[in-house]
Amino acid sequence: MKENLLQKWCDQAWLHCIYLIGIIMGNILLIKWPVWEVPQRLICLLAIMVPLHVFEENTAPGGFFYMNNLGQKSDAPLVYPQNRLTNMFTNLGAEFIFILMTAFAVRIEAASVIAVVIFGIGELIHHTMDGIHMYKRYKDKGKKTLYGPGTITSYICLLPLSVYGCLWLSENPFTASQVILGVAIVLFIIIFLILIPFTFSKRIKSQKYAFSSAGYFSKYE
């Protein structure tokens, strides 16, 4: 069946777009580094690291969705709850939020740093738990590590940002309202960009936006 424009966009086109955005944000950071304060640098770095993280999860080696769906006890991990549509919506949506935060980081300062810290630690925990789950699932089929798509960038890209953010917070005063705002930003991403789209996907279970391959995990199936 011929794919419509949205299906094509949710396949590879959006990935090329977010990778290009990451490159653009990298160039902006290079130009603005001398004049930006730490909060702006950190949130912009997150907007650069997210495309790298997405690259590992979806392109090389790819297959994060498969691990994620199995972790949510899906009986059709190529289909739901994370499909090509939710995948695009979640990642591109989060990237645009981080770009917007970069523009306003000078006003919200600590809130943006808190969001960076929570996001990085959350991704690290999530990928580690998924890695343990997939190791247990496939150890009898030759899997020898806890690796899963996204693990490397979680540890070498997102974790250092969280650590640096914690150091900055320990040396700079911040208010309760900034903490609330930082937490609220992450909760917004979790609820509106992940949980709600996943809820609809679980109910519909549509093949329209199903993945065609388990990526990294294909060799264990």
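How do the residues of the lining of the largest pocket divide into nonpolar, polar and charged?

A: Quick housekeeping: this is a predicted model, where local features need pLDDT of at least 70 and side-chain atom pairs count only at pLDDT 80 or more, while totals for chains, interfaces and linings use all residues. Residues are numbered from 1 along each chain as its sequence is written, and side-chain values use heavy atoms, with hydrogens and water left out.

Now, your pocket. Its lining splits into twelve nonpolar, ten polar and two charged residues (Ala, Val, Leu, Ile, Met, Phe, Trp, Tyr, Cys and Pro are nonpolar; Asp, Glu, Lys and Arg are charged; the others, Gly among them, are polar). The volume is about 630 Å³ (the space filled by probe spheres set on grid points joined across faces, edges and corners). A pocket here is an open set of points on a 1 Å grid over the protein atoms alone where a 1.4 Å probe fits, with protein on both sides within 12 Å along at least five of seven lines; lining residues have an atom within 4 Å of a point.

There are 24 lining residues, and F119, E123, H126, I190 and I194 are the closest to the centre. At least two lining residues come from each of α2 (38-58), α3 (64-71), α4 (84-108), α5 (110-138) and α7 (176-204) (helices are DSSP runs of H or I, at least four residues, numbered from the N terminus). The largest share, six residues, belongs to α7.

The axes of α4 and α5 come within 7 Å and cross at roughly 135 degrees (lines fitted to C-alpha atoms over the stretch in contact, with angles from 0 to 180 degrees between N-to-C directions). From α4, the contact (heavy atoms within 4.5 Å) uses F98, M101, A105 and I108, and from α5 it uses A110, A111, S112, A115 and F119. By class, that's eight nonpolar residues, one polar and no charged.

For comparison, the second largest pocket holds about 310 Å³. It has 19 lining residues, with D11, Q12, N58, F65 and F211 closest to its centre. Here α1 (5-32), α2 and α4 each give two or more residues, and the largest share, five residues, is from α1. This lining has seven nonpolar, nine polar and three charged residues.
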